[in-house]
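Please read this note with the structure open beside it, and look up each residue as it comes. The points are numbered so that they can be taken one at a time.

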4 protein chains.
Amino acid sequence: MAVRAAVAGASGYAGGELLRLLLAHPEVEIGALTGNSNAGQKLGALQPHLLPLAGRVLQETTPEVLAGHDVVFLALPHGQSAAVAERLGPDVLVVDMGADFRLTDAAAWERFYGSPHAGTWPYGLPELPGARAALEGSKRVAVPGCYPTAVSLALFPAYAAGLAGNEAVIVAASGTSGAGKAPKPHLLGSEVMGSMTPYGVGGGHRHTPEITQNLSAASGEPVSVSFTPILAPMPRGILATCSAAAKEGVTADAVRAAYEKAYADEPFVHLLPEGQWPATASVYGSNAVQVQVAYDEAAGRIIVISAIDNLTKGTAGGAVQSMNIALGLDETTGLTTMGVAP
Amino acid sequence: MAVRAAVAGASGYAGGELLRLLLAHPEVEIGALTGNSNAGQKLGALQPHLLPLAGRVLQETTPEVLAGHDVVFLALPHGQSAAVAERLGPDVLVVDMGADFRLTDAAAWERFYGSPHAGTWPYGLPELPGARAALEGSKRVAVPGCYPTAVSLALFPAYAAGLAGNEAVIVAASGTSGAGKAPKPHLLGSEVMGSMTPYGVGGGHRHTPEITQNLSAASGEPVSVSFTPILAPMPRGILATCSAAAKEGVTADAVRAAYEKAYADEPFVHLLPEGQWPATASVYGSNAVQVQVAYDEAAGRIIVISAIDNLTKGTAGGAVQSMNIALGLDETTGLTTMGVAP
Amino acid sequence: MAVRAAVAGASGYAGGELLRLLLAHPEVEIGALTGNSNAGQKLGALQPHLLPLAGRVLQETTPEVLAGHDVVFLALPHGQSAAVAERLGPDVLVVDMGADFRLTDAAAWERFYGSPHAGTWPYGLPELPGARAALEGSKRVAVPGCYPTAVSLALFPAYAAGLAGNEAVIVAASGTSGAGKAPKPHLLGSEVMGSMTPYGVGGGHRHTPEITQNLSAASGEPVSVSFTPILAPMPRGILATCSAAAKEGVTADAVRAAYEKAYADEPFVHLLPEGQWPATASVYGSNAVQVQVAYDEAAGRIIVISAIDNLTKGTAGGAVQSMNIALGLDETTGLTTMGVAP
Amino acid sequence: MAVRAAVAGASGYAGGELLRLLLAHPEVEIGALTGNSNAGQKLGALQPHLLPLAGRVLQETTPEVLAGHDVVFLALPHGQSAAVAERLGPDVLVVDMGADFRLTDAAAWERFYGSPHAGTWPYGLPELPGARAALEGSKRVAVPGCYPTAVSLALFPAYAAGLAGNEAVIVAASGTSGAGKAPKPHLLGSEVMGSMTPYGVGGGHRHTPEITQNLSAASGEPVSVSFTPILAPMPRGILATCSAAAKEGVTADAVRAAYEKAYADEPFVHLLPEGQWPATASVYGSNAVQVQVAYDEAAGRIIVISAIDNLTKGTAGGAVQSMNIALGLDETTGLTTMGVAP
């Protein structure tokens, strides 16, 4: 019997990618699609790549419209999920693709988002220690941010294995879809093609506390995070270059062994063969994570690089993966590890 | 029972896209993979986006290696398919993704390809009149060229409906993957990013006789074709801008009606709603064709624009679609009309 | 003694390119800079590539601000130039980079622009027959549109030499800067990277009557123009693929000879050696026009392809070139034929 | 009286950019152009953007051909400069754009380049302490590497002012032209568009010892450098994201003050206003360096980001700037701080 899913926020990039995945999911039937500012419009005009849904009309995001589904995905602006979720009832699986329920630290939420903290839901990054168990059977899922997905999967094994000192330096470049579909001058094609530019430098990006939360949990001690996000001239993809001081006595072999062990059984995270480095093009449209590690003995640092598709594993694919776990389906159902390349 | 498929030429762009599609095809089991200059290498190093096949080793392209499969796909350089095909026996389905068996006119073959004509196989563009019937049960398929796919689907309804005069002017821009994976200076990223440049201008491109063949068949009379291909700064996609003089008495409504009728039941060709124009991004990685028509009364021309993914519908997706028909499977099995966008 | 120049509309792409050229112009001193919606802002925030002017503050576009200059460049929205120009007095050189004064046919203006026709000024495409003489000493210049520049320079020699029939088919791809700096969803980097899409198909683009005007003047008879503009994934550049039926008896040699003659003494238009084709990257940031011709005997068509930088020769460079002529300076002063490549 | 300049290696990207700058240099006359594998070819076929030199023919790189010039620029593969330079005589200014004479530490040279060390020449990064004086009147100049230019200008003021601890973490993304013009599979447009991928991770890149040399000199103590270069989907530009632990008591004001002081009088290095971040597009084709600083108090790190054009300030522009100093010309002659944008 099909799982009936509604998508609130179907006109944006996250919503569109989610629909692409749900259309290919053998257990899901797509129900209501909502999008407030675009309510009444056909999806074909807003998401012209989703031809099977071209004739569907967007509705308003109301409890009535979202009622009667097994799963409701929320792809809403930050701060709007809590009000919608509480009207949906405790038996509906609510998968929040926004930030509202990711952080455990209310003070950090308020500092970075400027509004009261709504709470904390099971965190939809199953590869983290303990996360998969918390998702099983849960009716609420907080999908991680795209940067925290790429960075946490790059660095947590080094912290979990006790190899890395408690500071991390992260420089991560993202494709422009991470900035959303609302038109702004600096996101124009004329501005981004041929250009790289940082933003939120110096700790200001909202994903900083989420990264800190994940790495500190893996380490068991507070990890100090320097995070610089960069806008890159590509529509999709995150390449995260992460490093941490190696603890005394660490060897290249120990680093590699920690990653081999951490990812031996993970269906989506691939530690590449030595000598091969992640490329965002290789995971385009896929739920795969490519990871590679190095130990720079001269600099005394462990360097880990990961590549994901920010819209797939970084958002909508992660949401589907978590939905599968929450519903007791095979975790990989409807997801692929093949990128569309070149 | 699974269809066992071999791929000769698995290291190139066409071979890689084919493998991506076959991996998602529920009826196909992937058998031997060959690639002469790369024989002995792991696929993971050559096609890093195909993680499920990363450990597979390429073999030499020999009759022995290709034996024992239900289907053999040939993604070989032009002129090499005939020798391989004749060693495979008449009971194996051979799908040739090269040009060798596309043309009916031996003289045109020799003029454009400079070698003896190998013959003519059923043409793998099922949407053309009569093509689907010829493919059913066939053991040989000639997959069309990427430009002829885009152009023929744009223009044949106008000719079949008797609306267009017998000359056509075509300007089609292609992503760089159409030029293949062999490194050449003009294909370097440094050269192609930010640049558009034509090639094969004035009738010299090898796809010219194939386009002429298809349009003339639709018209019932020889069609004179002016075809200018352009290299565009994108990895995939073809946007074909095609026009022909309208015959006397043609109206915009008649043009639209002809296309609505031609494509009403086609699973992959979508005539867009009026006012919406094809975009290559919308068909990225998909087997869909987006088509739109206009009638320019002042200029007296019918203008038809189509967008395809040159590697999917233009090559590997077209090959799978034809295989499905030849084997009696549902034509759409393993194929999607959803693009990966943005 | 320096020529003192004001720029109205200094915050947009055309204004920015003009300032880049004027800063390098040895005879020009940059005076007032205006930009209504951005008045009061520093140029450094709006045009971060123009470091020498980073501290300059934009003013309102008023007659008082624009008074006291030798030259006033207008980079304003269509329809606003006439009102500003008439307040500037007859002794000031006014160079209008908008469309207001380009067309000779008031009916065509009204049909395409929907407002009363303001008049016709000397046309700033000096390479056209008679245009240079009309610009000499003129106090008013209408800078051509970017597409008409590329297309007219591609086709007028064929018409002027009587080689081409009176219909032309033009497909021209433009970089995104041609669409301006106002943020719109379809111009987002996420949308344009990796995508090509047409617009204004079927004769609807406002540059159609301007192209028709130029080609008809060259031909001496009305030329019927089919013009399809395409948005391409690059920030700058136009590649125009233009063709026309060859008149009876035309030969490839005659075509080439006509172009060699037309451009033998032109400082900015370069007919490329046979076998070499224009590329937009080669004219990036330069005032050069690359042109190549072919005669497709089988199709009976003359094909001419040109590449320009839409912001330089297509707008601001053309404006400076015309200013030079109007002021009696050497036509090439401050301009280059070298592109920034790769 | 003009300075007569020869360019050895005129067919590559560095040589092409140098010629573009020299053509615009008012004091330079371009003499012999050489390019071994392309000797005998016209420059127009190899550098189609340099129209003024299209007819020039490349010669062999021999002492005879290079004789009789005031300046000889060497844009040769690493390891070839010494042999050429010693045949040119002590009175000719030799500007080496290769790596041969950059390093002071012979052991580091041999470890990273695998050949005997040729020596050390005055280092062509005039903004470094003492560098300008060493260049004045010198007959030999070693032009810095592109990454060391971007990184050293980002970090040396923090070290020179005693603000930063002696380890630095650097992640720098470069456009593809930095990898040169020799065609290799991973540099194909199909591979690089839409993709980011690191290389030389873990200290293996040859620019690591050069960066270490510059930062250690500024610090007065050995600086440990972790350097990760990344290939980015753009033809030009380097964005260097650099950080170092702040020494105790450092404040944001102190950091900013150090950079304001360091760059107050530099013609090419621009510390951006607070709130504005470097973008590679803003320095496209220019000799400018955009720099911005942040102090991340929570992470305890100074973060400095710089943007350059790898071919201009990073190679050919830096070469011309140093030539100007060596010859006693104004340092900015023939160079611009304006980028070609958008």
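1. Basis of the model. This is a predicted model, in which local features need pLDDT of at least 70 and side-chain atom pairs count only at pLDDT 80 or more, while totals for chains, interfaces and linings use all residues. Residues are numbered from 1 along each chain as its sequence is written, chains are lettered from A and ligands numbered from 1 in the order in which they are written, and side-chain values use heavy atoms, with hydrogens and water left out.

2. Symmetry. Copies are superposed here by least squares on the C-alpha atoms of residues with pLDDT of at least 70 in both. Chain D is superposed on chain A by a rotation of 180 degrees with 0.0 Å of shift along the axis, at an RMSD of 0.0 Å, and that is the relation of a two-fold axis. Of the interface residues of chain D, 100% are also interface residues in chain A, so the copies meet through the same surface. For chain A on chain B, the superposition likewise takes a rotation of 180 degrees with 0.0 Å of shift along its axis (RMSD 0.0 Å), and 100% of the contact residues of chain A recur in chain B, the same surface serving both copies.

3. The interface of chains A and B. Counting as a contact any heavy atoms within 4.5 Å, 29 residues of chain A touch 29 residues of chain B. The two chains bury about 2400 Å² between them, with 66% of it on carbon and sulfur atoms; buried area is the accessible area (1.4 Å probe) that two parts lose on being put together, summed over both. On the side of chain A, the residues that lose the most area to chain B are Leu51(A), Met338(A) and Pro342(A), which together make up 30% of what that side buries.

4. How many salt bridges are counted between chain A and chain B? The count is 0, where a salt bridge is a side-chain nitrogen of Lys or Arg within 4 Å of a carboxyl oxygen of Asp or Glu.

5. Salt bridges within the chains. Over all chains the count comes to 44 salt bridges. Arg102(B) and Glu210(B) form one of them, with their closest N and O atoms 3.5 Å apart. This pair links distant parts of the chain, 108 residues apart, since Arg102(B) is in the loop between strand E4 (93-96) and helix H5 (106-113) of chain B, and Glu210(B) is in helix H9 (residues 208-219) of chain B; helices (H or I, at least four residues) and strands (E, at least two) are DSSP runs, numbered from the N terminus. Both Arg102(B) and Glu210(B) are buried, where buried means under 20% relative accessible area, exposed over 50%, and partly exposed in between (1.4 Å probe, protein chains only).

6. A second pair, in chain C. Glu17(C) and Arg236(C) meet through their side chains in a salt bridge of 2.6 Å, N to O. Glu17(C) belongs to helix H1 (residues 13-23) of chain C and Arg236(C) to the loop between strand E8 (224-231) and strand E9 (238-246), so the pair ties together parts that are 219 residues apart in sequence. Both Glu17(C) and Arg236(C) are buried.

7. Two single residues. Asn38(C) is found in the loop between strand E2 (28-34) and helix H2 (43-46) of chain C, and is buried, with a relative accessible area of 16%. The side chains of Asn38(C) and Ser11(C) are joined by a polar contact of 2.9 Å. Ala150(D) is part of helix H7 (residues 146-160) of chain D and is buried, with a relative accessible area of 0%. Leaving aside neighbours within four places in sequence, Ala150(D) is in contact with Ile238(D), Ala240(D), Ser306(D) and Ile308(D).

Conventions: Polar contact = N/O pair within 3.5 Å; in protein donor to acceptor, adjacent residues only side chain to side chain.
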